[in-house]
Amino acid sequence: MSVPLRVVVGISGGIAAYKAVGVAREFVLRGHDVHVVATEAALRFVGRPTLEAISRNPVETELFEGVAEVRHVALGQSADLVVVAPATANTIAKLAAGLSDDLLGTTILASTAPLVVAPAMHTEMWQNAATRDNIATLRRRGVHVVGPASGQLTGSDSGPGRMAEPVDIVEAALAALRPRDLVGRRVVVSAGGTREPLDPVRFLGNRSSGRQGVAIAEAARDRGAHVVLVAAHLEVPPPSGIDVRSVGTAEELRAAVLTAAEGADAVVMAAAVADYRPENVSDAKIKKEQQGDELALRLVRNPDILAELSSAPVDGRTVIGFAAETETDDEALLELGRAKIARKGCDYLVVNRVGWSEGFATEGNAVVIVSRGGDIVTRADGTKREVADAILDLLG
Ligand code: C5P
């Protein structure tokens, strides 16, 4: 886990205030010190005892309480992060105008920490010119705006205005704190698993979901890089704000990666690329009536893209490969990784264990990263996002 942060969760008065409990909870579960500042209106939607129990700290509301400790600025000054969820149209307008007629306003004005707001309101209010101008003002000042999502609103209406989900708000808020150390860099990431067609309806594939590669692309984007994601059959949506190039087969992935790699500062080959493809692809669906009880497939080797990239090193370009192995013994797994990096010639190799229930489609990952000489550079164990950041630290 990362260093515990002092997080101010500001809650303003909208129905979505009940979801702010989830925001506070998510920060607490991740080990952070949460201080809730609620407006009077917010406390009409969600009870103080709930917020105090969840945040494990007193809930602050009053500007004229604790005046001797100058509490109206102390919280803001000591915060590492300020998150306002939900941010009503009124609160957004007050923030844009710099008003500080309540504790939330003074806390925010007194803080130099990153400010994240999660708007929640009816669609008409969100689309109103005043709100749009206010949001533009906040963005221009560097405020991070998360959502709103589009969907069912409190009444029978639906549309943009629904507060983003607590976990997404927390992820975005934590991302706002990460260093932007990859600004101006071009990072190419391959993700997912290739599919090699047998006929128009069948393919040979693998179980890669693309989650780890997508997490790397997202982390690189958050750290300021220009990201090209070469995506092979992802089971998760690609992140926004990056250049996505969809591919199907290993040959297509090769063409896309080699093109994108020109001028890139880093290439991260997280995709599971088929080592073999059927020698012949049938134009028509293969019929069991014609094949009988057995069907022999003849496969031919696919090009090894990682080895190809590594055989023509470019100054200043870092090439990172992956080794997903089923070896159960840690030392033997590491030896496989060392042998693989010696064969492939890339700069770093991210070694992880996979199996029937490990590695694929899971939320977490545990990896060992080895350098070309076979030395262990780092180990990372956590969410795929945490592993992604550890990998990108190699480019720092
Ligand atoms: O040899 P192996 O498939 O275990 O190597 C895995 C690494 O090599 C991954 O980074 C994968 O993206 C890459 N690879 C490749 N081209 C292939 C097979 C794997 O670039 N044909």
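Colleague: Which residue has a side chain joined to that of N302 by a polar contact?

Modeller: This is a predicted model, in which local features need pLDDT of at least 70 and side-chain atom pairs count only at pLDDT 80 or more, while totals for chains, interfaces and linings use all residues. Residues are numbered from 1 along each chain as its sequence is written, and side-chain values use heavy atoms, leaving out hydrogens and water. A polar contact is a pair of N or O atoms within 3.5 Å; within protein, one must be able to donate a hydrogen and the other to accept it, and residues adjacent in sequence count only if both atoms are side-chain atoms. Such a contact, at 2.7 Å, joins the side chain of N302 to that of R277.

Colleague: How far does the backbone oxygen of A274 lie from a polar atom of the side chain of N302?

Modeller: N302 sits in the loop between β15 (299-301) and α13, where helices (DSSP runs of H or I, at least four residues) and strands (runs of E, at least two) are numbered from the N terminus. Besides the side chain of R277, the side chain of N302 has the backbone oxygen of A274 beside one of its polar atoms, and the distance is 2.8 Å.

Colleague: In what order do the five strands of the open sheet stand?

Modeller: Strands of a sheet pair through backbone hydrogen bonds, either parallel or antiparallel. Here two strands count as paired if DSSP finds at least two bridges between them. The edge strands, each pairing on one side only, are β2 (33-38) and β5 (144-145). The pairing in this open sheet is parallel, and the order is β2-β1-β3-β4-β5.

Colleague: Which residue of β4 is the bridge partner of V83?

Modeller: Strand β1 (residues 6-11) pairs with β3 in the parallel sense over four bridges, and V9 stands opposite V83 there. Strand β3 (residues 81-87) also runs parallel to β4 (residues 115-119), and four bridges join them, with A87 opposite P119. In β4, the bridge partner of V83 is V116.

Colleague: Which residues of β3 point the other way from L81, V83, A85 and A87?

Modeller: In a regular strand the side chains alternate between the two faces of the sheet. Strand β3 is mostly covered, since seven of its seven residues are buried. L81, V83, A85 and A87 point one way, and the residues that point the other way, also buried, are V82, V84 and P86.

Colleague: What is omega for the cis peptide bond that joins A85 and P86?

Modeller: Most residues other than glycine have a negative phi, and most peptide bonds are trans. P86 lies in strand β3, whereas P148, which is joined to G147 by a cis peptide bond with omega of about 0°, lies in the loop between β5 and β6 (149-152). For the cis bond between A85 and P86, omega is about -5°.

Colleague: What is the relative accessibility of R56?

Modeller: R56 has its place in the loop between α3 (48-55) and α4 (71-78), and its phi is near 65°, a positive value in a residue other than glycine. R56 counts as exposed because its relative accessibility is 59%.

Colleague: What is the relative accessible area of H233?

Modeller: H233 is found in the loop between β11 (226-232) and β12 (243-247), and it has a positive phi of about 50° although it is not a glycine. H233 is partly exposed, because its relative accessible area is 30%.

Colleague: Which element gives the largest share of the lining of the largest pocket?

Modeller: On a 1 Å grid over the protein atoms alone, a pocket is an open set of points where a 1.4 Å probe fits, with protein on both sides within 12 Å along at least five of seven lines, and lining residues have an atom within 4 Å of a point. The largest pocket is lined by 42 residues, with E171, A175, R178, D222 and R385 nearest its centre. Two or more lining residues come from each of α9 (166-177), α10 (211-222), β19 (376-383) and α15 (384-392). The largest share, eight residues, comes from α9.

Conventions. Buried means under 20% relative accessible area, exposed over 50%, partly exposed in between (1.4 Å probe, protein chains only).
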